[in-house]
Amino acid sequence: MKKSYGKFIALVALVALTLTYSCKKLLNQEVTGNLSGAVLANKAGLDGLLIGAYSMLDGYTNTSGTEWEAGIDNWIYGGVGADDAFKGSNTTDQPTAAPIENHTLDPSNEYISEKWVAFYNAVQRANDVIREVPLIKDGSVSASYGAEAIAEAQFLRGVFHFELAKFFRNVPYVNETITYGAGNYNVPNPGPIWSSIEGDFKSAMAVLPKTQSDIGRANYYAAEAFLARAYLWDHQYATALPLLTDCISNGETAGGAKYALWANYENNYDASFKNGPESVFAVQMTVNDGSNGARDDPGEGLNFPAGDYTSCCGFYQPSYTLANAFQVDENGLPMLGSTSMTVQDYTGSNTTTAPVTANIPNSSITNLPNDHGLTAANEFTPPTNALDPRIDWTLGRRGIPYRDWGICGGEQWSRGDLCPYNPIKNVFNEAQQASTADNNGGWATNQGTSDNYNMITVADLYLYRAECEVEGNMLSNAMADVNVVRARMQNPAGWVHTYVDNSNPAAGFTTTPAANYQIGLYSSFASQSYAREAVHMEEQLEFGMEGHRFFDLQRWDPLYGGPEAAQYMANVINGHIAAVTRIANPVLDGHTFTAGKNELYPIPLGQIDLEAGQLKQNPNY
Amino acid sequence: MFKSLLLKGRTLSLLLCCLVSSLVVTAQTKHTGKVIGADDKLPVVGASVRIKGTNTGAVTDVNGDFTLALSPGNVLVVSYIGYVTQEVTVRSGDFITISLEPSASTLNEVVVTGYQTQLKKDIVGSVATVDVGDAKKVAATSSEQLLQGQAAGVTVVNNGAPGSPSNIYIRGLGNFSNTTPLYVVDGVQVSDMSLVNPNDIESISVLKDAGSAAIYGVAGGNGVVVVTTKRGKAGKTTISYDGFYGDQQPLSGNVFDIMTPADQSIEAFRANDVATEGLYLNPSGVPTAGYIPTYGYHGATAYTGTDGTNFGVAGVTSNPEILGAYHFDANVPGNDFLVQQFATGSGTDWYHSVFKNAPEEQHTITASGGTDKSTFLYSLNYINQTGTLLSNYEKRYQARVNTNFSVGHVRFGETGDATYRENIGGYPGDEQQEAGIISYTYREMPIIPIYDVSGVNYGGGYDGPTGEPLGNGSNPYAQAIRNEQNHARFVYVEGNVFAEADIAKYFTARMAFGGRLYNQYYNDINPTTYEDYESHANPNEIDEHEQLFTNYNWTNTINYKETFGKHNVNVIAGYEQRYSTGRELNAYNTGLFSLDPAYAQIGYGTPSQAPTSTNEQPVAIESFFGKLDYSYNDRYILTATVRRDGISTLYPGKQWGTFPSIGVAWRISQEDFMKGISWINDLKLRGSYGVAGYSANVPATNPYSLYASGPGASYYGINGGNSSITQGFYNSTLGNPNTTWEQDKTTNVAIDAALFNHFDLTAEWYKKESSGLLFGATLPATLGGAQPPVVNIGDVVNKGLDISLSYHDRISQDVTFSIGANITTYKNDIVKETGVSNFFDTASNRDNDIVRDEVGHPIGEFFGYQVTGIYQNASQVSSLPGYAGAAPGSFIYKDVDGDGQITPNDRTFIGNPNPNFTYGVNLNATFKQFDFSMVLYGSQGNKDYNYTEYWTDFYSTFQGGKSLRMFNDAAIVSNGVVTNPNATLSASSFAQALGSSTTSSYYVQDGSFLKCRVLQVGYSLSPSVLKTIGISKLHIYAQVTNLFTITKYTGQDPELVSSIDNNGGGAPLGIDYGAYPANQRAFIFGANVTF
């Protein structure tokens, strides 16, 4: 018995010893495979957090695999939601995108939710930078270095909030005080936040240098240009004007290049010319970088012709309305004013046609001939109509060289609800495929590019200033600014030319224009309203297929302070719908844009639910 | 081991009874007698022998003998627990031998509970025991399936994929995410029991209430399944073989009710789908409803036939000239010109292209034996279940060694197994996802042939007109064949070693160390799917994954056991540590020259993304626990437990919790006033209350805000280059230091009865209040993209009844039978949510969520629009509440909020997937050497959400296989008026999702079912015959599994596993994403042989 008790005591002692040793150590496991906040409290950590905020510019988030719903290019919201383009692909592909195209969007739609979530994610990444600076105590970050990091973060926070304000107008402004720990995250949306956005850009301007070590960083002029843009959306034209003038006169890129228009318009859409003198601020895109296509303009991953050199996905097909807008009069000027247009209606079957007439502001008189309804075997000759040369850098048409890929197949290259036009601005050159393209997400072959997405270009600055000058009734100044942008296109070297050998595009181009290109300069702006239409149309033409159109129409609409006539946006879009219904996309059949409602996107229902009554829905949703 | 415990029990009873009887026995005429068991002919120790109508009696001694003063004519009432009470009339002074028939009552079963074994009669908490013999009649590759319908209070939902895990709910759906009970296999706490060979299982008990599970503290809140494996028995070494071979048969008929290609062409015209009408060109090139052209083709360049016909790049034709263009280039798909011949008639039966008859087999050889100092059991097990779905299988090789040794006061031993397992790459059950093979059996159009005109290359959506009228599905047969190259291989080594010593009088100390080491390797090979329109030229791809996980349990207990007079005391106290960790490595590559598995490896292609590795955050749990079992006079029983757990996944200060329980029982039948009621063999009332916890839903790093870094998530090309990116960081998760465990308070009231010598009943009522349920916080986007922490999000109450009944009888010498039935009910109610709103939505489909968890409703209830009809004409559209896009032929939805329009606020609760009750019935009968058994399982009142109809019933969803329901029941609109007023489905049109395919009551069906899981007939050869060939036992049997399923559900199987949703995440109950059916029939022949 004695021996047994000895064993007992030994065992108890062993257990007791183990307990005292292990209790603390066992339960307090070091965090593995992740960084704690403390590890980042130094210069390298701060730099990394700031890069993490920049990386949100493209809208690709750490939380979502549906980057085309949130991408910065806004193809669906800015283009398809307006009159630039159709959703494309099959009618049934991306069914939740269809309500954006036909304006039946309800607040539970996943697309708008994704956009909201991605850009508030971005806002908080900028806030993470601002919150981190005061935590750095190791001496690695000087006061001025910290201030500049904060200024860049404020710039980004302004950009991100601006993006949200364009969509939803009434959005919460989330600054660095909003945290989980503080429990103050149900931020309300009592109204527009232009002044907060402007405040961020002003603060950034006060600190940012004019040049930066990295070309992708925001500089003084980028902040000034964004501040001006915010004033434009805020309809403070007089305040914006001197900022734009300063930018145009004195601006330089973060790399130190004086702001200027490229001689060739298409350089803005070519990765080998990215970050040139025309780029005021761009989202940097990269390929073959180990990110599996996350950094290659992923928002546009679906927006390649489904035809030949990629096999997917045929979204974002340029509209008839956009193509028609490039028709010019005998002076090479756009056909301004509200006119009737007659187009073929393929109701019921593509073999029976009936003409339909629709009022389409800012558009041409007849439908630009195209290859709709033709097969590959049918002959098609591109029309000889006089056209603004920007058309063939903006959309792919059958019979016209499609960059260096060969003669565009038109409708044969599109997918699903067939449309004769193909996206081209986001497409790379075949010769540069190895260095400027990769596979988006490993599935969409050759559908990522390293071509930047331009947020503001020098051409924007001129046309924004022209808007300010029109509203300030300085019509000749406005005309001069519009003509600066147009004059660049008068150089035939910047037009699309025919191939030396159609069967071998790699052999290069001739000097023969690929179509009947005509572009003239305005000689007079007869009235303020004429001038306004001219400037607005110029923005449609210059920035077609760049995701701006919806938001431009919205700010020009008088509903929220714009200068155009009542229900301007609704009229433009309903005219577009009336003209194309049953030609291109049955998704649009029978739908209309509702004035007083569809100018804004609805606040995502899920967010309204989550904020427990703090978020108010936009009107009429 | 159990027998020895039983003997101990008998000895104990003897002691007790001696005390009692010594007071009452008086000397008359001495008679002696003996009581033996009719089953084993061994003495029954401690049996009560009473003279009827008196208080005079005796208790048998260790030899089963008794002595009583008797007079002739006296009637002796002889009773012992577990035996039928017998009355014997004394005739003379002869020695009397009384043979007691076993009553087969479950009350004297030895039951393994937390850290100990107990006699069932002494148990106070709610412990269900599974009859392993019944349970393992159902051939299972995943042993959780054994539990289905075998224990009241345990709801099991099976998946049919070989090796795929089941969902198990003990006493209802306990929380919003993982509700898996704790498994304790041979004393080791593990996450599943799927790999335990059914033939190795000695016992399974399920601890259902906190009274029994609180001993497992923070791990026991959702119940505990305690499994022990067999051990060798002292005596002759036996070798036995158990095995079966079977043929599984897939569901037959038109499983998804897919319409024919010709019908589908008619639908295209009904829908005015101009782009797709172009597929159905007649020889004159005119789109024609019902006309199927002969060939579809697609190439890189236009083809001109010898007769001068220009076919163009892609299209359809009936001209065989096109065959001249056929060209396939495996390495450069861009050069392809592929042609396929369309399927006519009923079209390609995609379902049965991949679902075929498939064999399954399982073999176990067991050797066991030993001496009174040591015992052993070795078993070898081989399982090979080929899925009825092509390229789907589960192969397993397992060796088990269980040994016991005793040296003086010390006993030691181990249980352990090593397992090698192989199945297809990916997670078993993946096939049901949106891009899974099963989903493609209805998503791939039946007009598409399995092979194109070459006879070796696959047909698909590529070979046809541009614009993709052939849909974006994928050839499921091709996918299945390609899957054959995807392997997952696992090695598991697991077990437990223990040492136990009688360290002092009444004290036993035990230490055990056990755990699992687990290594998994899997690869995926994805060839270029040249047959698909969408990814015709995608580069091929391979990826490889390696994982290593380890965990251990270290348990130390001291047991004190003593009897003072009528007082029995048993105390166990212990200390335990658990720890788990792991690592993973993943690598990817594209553009390999060849995908031959012998060649393809990482390094032979272009990296598409950087390799990744994951360091799993270790999880540690440390615990102290104690349990007191006290009984007085074998009538009044008290059990109290307490456990204190500390968990590393919670923040310091929140890590420690205490989990107490208490229970009492009263064995009324032992009371003297009950002794005269002969039809009550045993009757016990019991009740318990306790608190257990559950922390499995807390991620290991939950308390801490963390930052991460990744090229996709946070790098940026800040320097403007084409390919250079700079590292960035981002806040990846928000921490919550306040999170604590889920607390489960259970009240249990029960009655156990053994009646009429043949009938056992256990009925239990429980109320389980779960508070602080753990779930990821849903936070507004204003907080950014960091993963929200898991928080204590809400409270749920489950109430229900568990009833189990069994009846067993021997009708004659040749016929015995038994019936076991159990029924489980639970009512599940969310009573509180702590978030800003009182609900959250889960379970995504392509457009919307399907489930809303809201206060006042059960977990997992479906939430969407209530369909009330179809708009018949334009005036209805304008007069009834409507929505943007509403048109004649669209669904009419109920205007729930009455505001005159249909908005998201009109979504409402449209179906509860929780059953009213589930039930199981086991029937067993023997006739001479034949045996017969049947296992039934049913579920009543549960609703199923048939999400497959999203794809098959609506024209506005992706082009693909469409259902006959669409063809027959969809509204047909002509000139703005619905021409078939009885239509139940929205019109075939591109009307938007809100008017057709959005989450609505259309998808909700009654999912009640009754399945005959097994019908078996067996035959045991007579021992005398066998003896001559050296076999002691031989039983052969034939069985049919899933002989029938009675249900109104229109999908494959109303029993829907909940683990996989559209995107591979967790989803609640009852949503049919095209699940692998668990109701396929199989014919099985098997044998059990003992040498």
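Predicted model: local features only at pLDDT ≥ 70, side-chain atom pairs only at ≥ 80, totals over all residues.
A salt bridge is here a side-chain nitrogen of Lys or Arg within 4 Å of a carboxyl oxygen of Asp or Glu, and by this rule the count over all chains comes to 60.

**Salt bridges within the chains**

- A:R157 forms a salt bridge with A:E176, with the closest N and O atoms 2.6 Å apart; this pair links distant parts of the chain, since A:R157 lies in helix α6 (residues 143–168) of chain A and A:E176 in the loop between α6 and α7 (194–207), 19 residues apart.
- A:R157 counts as buried because its relative accessibility is 4%, under the 20% limit, while A:E176, at 28% relative accessibility, counts as partly exposed.
- A second salt bridge in chain A joins the side chains of A:R397 and A:D392 at 2.8 Å, N to O, and both A:R397 and A:D392 are buried.
- In chain B, B:E267 and B:R270 form a salt bridge whose closest N and O atoms are 2.7 Å apart, and the two residues both lie in helix α4 (residues 261–270) of chain B, 3 residues apart, or about one turn of the helix.
- The relative accessible area of B:E267 is 1%, and this residue is therefore buried, whereas B:R270, at 30% relative accessibility, counts as partly exposed.
- Salt bridges that share partners also join A:E278, A:D388, A:R390, A:R486, A:R488, A:E538 and A:E542 into one network.

**Aromatic rings and charges over rings**

- The count of aromatic pairs over all chains is 92, and B:Y947 and B:Y950 form a stacked one, with 5.3 Å centre to centre and 20° between the planes.
- In chain A, A:R555 lies over the face of A:W233 at 4.3 Å from the ring centre, and in chain B the charged end of B:K1011 sits over the ring of B:F1009, 5.1 Å from its centre.

**Fold of chain A**

- Chain A has 18 helices and 13 strands, and buried residues make up 66% of its 621 residues.
- Among the contacts in chain A between residues at least 6 apart in sequence, 71% join residues at least 24 apart.

**Interface of chain A and chain B**

- In chain A, 118 residues are in contact with 110 residues of chain B, and the area buried between the two chains is about 8,800 Å², with carbon and sulfur atoms giving 60% of it.
- A:L27, A:T92 and A:Y180 supply 9% of the area that chain A buries against chain B, more than any other three residues.
- Several elements of chain A each supply at least two residues of the side that touches chain B, among them α2 (43–54), α5 (110–132) and β3 (279–283), and the largest share of that side, 14 residues, comes from α1(A).

How values were computed
Residues numbered from 1 in each chain as written. Chains lettered and ligands numbered in written order. Heavy atoms only, no water. Phe/Tyr/Trp six-rings, centres within 6.5 Å; stacked < 30°, edge-to-face > 60°. Lys NZ or Arg CZ within 6 Å of the ring centre and 35° of its normal. Contact = heavy atoms within 4.5 Å. Buried area = accessible area lost by both parts, 1.4 Å probe. Helix = DSSP H or I, 4+ residues; strand = E, 2+ residues; numbered from the N terminus. Buried < 20%, exposed > 50% of the residue type's maximum accessible area, 1.4 Å probe, protein only.
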